[in-house]
Every structure is written in structure tokens, then in C-alpha cells.
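Subject: Structure for your review

Dear colleague,

Please find below the structure that I am handing over to you.

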Amino acid sequence: MTDTTHSDTISGVEITLDNVVKRYPGQKAPAVDSLSLTIPAGEVVMFVGPSGCGKTTSLKMINRLIEPTSGTIRIDGEDIRGKGADELRRSIGYVIQGGSLFPHMSVAKNIAIVPRMLGWSKGRIAERVDELLDLVGLDPERYRDRYPRELSGGQQQRVGVARGLAADPPVILMDEPFGAVDPITRQRLQDELLSIQRELRKTIVMVTHDIDEAVKLGDRVLILAEQARVAQYDTPETILAAPANDFVDDFVGSGSGLKQLSLTRVSAIELSIRTTARVGEESADVVARAEQAGDASVVILDDRNRPVAWRFLRQLRRSSQVQPGDRESLITLDHRATLNDALDTMLTSSHGGALVCGDRDQYLGIIDFDSVTEHMRAVEKHAAEVVGSSATQPTGYAPTGEGTP
Ligand code: ADP
Ligand code: MG
């Protein structure tokens, strides 16, 4: 994350792994073979690598869902073996795919599991539940008493994230949390996580098999080869521009120049301005305004400046006044979204562009194909230059051509 708007207070703590080994009974080779790693306080570190390379095993050793065969794990300097496994798990948020909600418990009950175990008062729990629902973008009034089956996949995942944050733990572990939702929902969840993290500055360790997600969310990315051997551990920028070896190069993929798009936020692009209108305005006035500006469509805003619809002029002409729209069903793009996300969203739009919103869904403008294409050309050119120049410098890594590290 390259935003400069981070809050100054880090609530996360450092995690270190020192020669950690996990050997499952009956397995010849260890699942994790001597992993050493420092995860800095307040950062998001993404574990990425092929299936079966030991990502989940490594993650679960941090909250003692799996006990290491040997080696030491410290959280905030303290050996985790010094704490009971239950106590440890209450101080670490854990979020997995689908949210893993209990089906017979309401949303509020699901979120309150750890606070209840910690003996919080009813009032404090209720307040916390509403605060968290708000944070993950679900209206508390509407959702707190629902059951998981009454929620979409994306909403269940949001509740899962809220539950992971419930007791305000300094460390959050996430295992492919957004793997089960559609691409647009995944993108929104990722953007929300970035926005939450900017405020909270937790230490977040997230497993993914998706290099794009790793690059988008990670302050650092850990690329693992078989048996959790570290292939590269660096910032997304460095990994994309200068893969340490063939394994990383293959994993990152040939389009690493294109993948730089995952590093560029919509906020870096100049947005275009389109005619806007308020619900209830005279349609004839709005159409006249749009025609004068040469716009074929108009963005409709509510009284809090949030877009509720994006209509073509022919649609506006059907009624004398501008009609309200359903804000929740309108697809918008967060200004923190990446250009990759923007392209996905634009492809689903009949307008050849996407509505961009800032904090609290405030309307900012429109991103269209032309501005993205223009930016892509510049980025590709720059990436080619960076890769070209780094190839001539000694890297200290194994030379290419020796296979996996
Ligand atoms: P990843 O999350 O990267 O896909 P895992 O950590 O789940 O990988 O698994 C790493 C290796 O350990 C795999 O070879 C897997 O088959 C093996 N493994 C995982 N869990 C167990 C288990 N409970 N018992 C035996 N082998 C396991
Ligand atoms: Mg796994």
C-alpha cells in the first residue's frame, strides 16, 4: 500500500518466525522446512505460492492451531508457547474463506463470540457489534439480527472480517478470505480492508494464491516455494520489477509490466467530469444541461452527494422529474481500487466507464477506457525501463537458470 494517508498510530505488533519446521506424521518431507521471517508491526504481509507449498500450515502455527515440530514463533517479542493456546487465539483475529459463520447464530451473535468469551458486558458488546458492522459496510439496523443464510456470500465474508476484528486484536490472520466471492465483490472487500487497515494499522498476515491480490494488498509479499521455502520476500514493487529468480518470475507471470496495473490506484488517474443531477430535478433542465456539455448520460446524486444511478438521456426523458435510484445495486468503484479492478468494472458497464467514489461513497467522477489506456502505455514503458536496468545490476540472488531455490 503506497498511500500516504496512513494513521500514525500502529496498533499491530511484530511477529517473528525462527527456523520453524512442521512435519506432519507419516509425511516424508516436512510441510514447512525451516521458515525464518520477520513480519513488521502494523504491516500487511501476503503469503503467496502454489497450492500445497505450506501457506496455511505456516499461518496456523502463528495462532497455534497447528503446533510447530521445532523452531520459535514470537509475537511482540514473546514466545507463543508461553501462553495457553486458547488465550493466544483470543488475542489474534482469524478470518477464513466464506467467513465460516455459525448458521444457527445471528450476525450479531457471530461477531460477538470472542467478546463474550472475554466477558464483556452486554452493552459494550452491542455497541461494538454495531460499530463493526458499520466499519465493514453493513447497515447495523438491517443486518444485526439476520442469519447467515439470509446474506450473500460477500456479506457473509464481511461479517467474517468483523468477527476477526471484534476484540480489537493486534494481529489478524486471514486464509484466502476473499477466495469464494465474485470478482467485483472481492475487489470491494479488498478496498474496504485497505481502508480499515489505514485506520487501524494492525499486523495482518494473509494467505492467497492470487499474485494480483498479494500485490494489491501487501506492504510486503512473501513468495513461497515447496515446503515453505522463501523464494522472495519484498515489497510488491520490487518483486514485480526485479523477480529474484526463475521461480518468482514464473509465478509472477509474463505480464509483470501489466501487473504494475495492480499497483496503480484509480486515485492516480485524472477523472472525467460528467453532468450530474439531483433526484427530483426537472428532467428537461437536466437533459438540456447534458446536451450542452455533450454528455450522453447523467450521474444522479442523492442529497449526501452519493451516486444513486447513472442514466442515459433517453432514460431521463421518460419521466418529467429525475427519479430516485437504488444506491446499493449501483456498481461503483472506490478511488483506492486498482486499475486492474477498474478495467473489470468498466467491462460490466454499458457506459464504457465506471463511477468513482471516495470516502463515505462521495461521488468523485468517472474513469473511462481512454484514461486507463493512456496510463497503461506509460506504465508499461516505465516497467520495461526498470526491468531493463535492474537486469544489469548484481542482485545477490541465485542466478537465473538454476531452477527453484
Ligand atoms: P497451502 O496452504 O500452501 O496449499 P498447506 O499448508 O495446506 O498448503 O499444506 C502443505 C503440505 O502439507 C501439503 O503437502 C499438504 O498435503 C500437507 N498437509 C497439510 N495438512 C496436513 C495434515 N493435517 N496432515 C498431513 N499432511 C498435511
Ligand atoms: Mg491453504
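This is a predicted model: local features need pLDDT of at least 70, side-chain atom pairs count only at pLDDT 80 or more; totals for chains, interfaces and linings use all residues.

Residues are numbered from 1 along each chain as its sequence is written, chains are lettered from A and ligands numbered from 1 in the order in which they are written, and side-chain values use heavy atoms, with hydrogens and water left out.

Ligand site

The residues around ligand 1 are Tyr-24, Gln-27, Ala-31, Pro-50, Ser-51, Gly-52, Cys-53, Gly-54, Lys-55, Thr-56 and Thr-57; a residue is near a molecule if one of its heavy atoms lies within 4 Å of it. By class, this shell holds four nonpolar, six polar and one charged residues. Here Ala, Val, Leu, Ile, Met, Phe, Trp, Tyr, Cys and Pro count as nonpolar, Asp, Glu, Lys and Arg as charged, and the others, Gly among them, as polar.

Taken alone, ligand 1 exposes 560 Å², of which the protein buries 59%; accessible areas come from the Shrake-Rupley method with a 1.4 Å probe, and for residues only the protein chains shown count as cover.

Antiparallel sheet

Four strands form an open sheet in the order E2-E1-E4-E5, with antiparallel pairing. Strands (E, at least two residues) are DSSP runs, numbered from the N terminus, and two of them pair if DSSP finds at least two bridges between them. Strand E2 (32-39) and strand E5 (78-79) stand at the edges, each with a single partner strand, so one side of each is left without a neighbour in the sheet. Strand E1 (residues 15-22) is joined to E2 by five bridges, and Thr-16 has Thr-38 as its bridge partner in E2. Lys-22, in strand E1, is buried, with a relative accessible area of 12% (buried means under 20% relative accessible area, exposed over 50%, partly exposed in between, with a 1.4 Å probe and protein chains only).

Five of the six residues of strand E9 (residues 220-225) are buried. Strand E3 (residues 44-48) pairs with E9 in the parallel sense over four bridges, with Met-46 opposite Val-221. E9 also pairs with strand E10 (residues 229-234), in the antiparallel sense over five bridges, and Leu-224 has Val-230 as its partner in E10. In the hairpin of E9 and E10, which has three residues between the strands, Gln-227 takes a positive phi near 60°.

In strand E15 (residues 353-357), five of the five residues are buried. Gly-353, Leu-355 and Cys-357 point one way from E15, and Ala-354 and Val-356 the other way. Strand E14 (residues 332-334) pairs with E15 in the parallel sense over three bridges.

With kind regards
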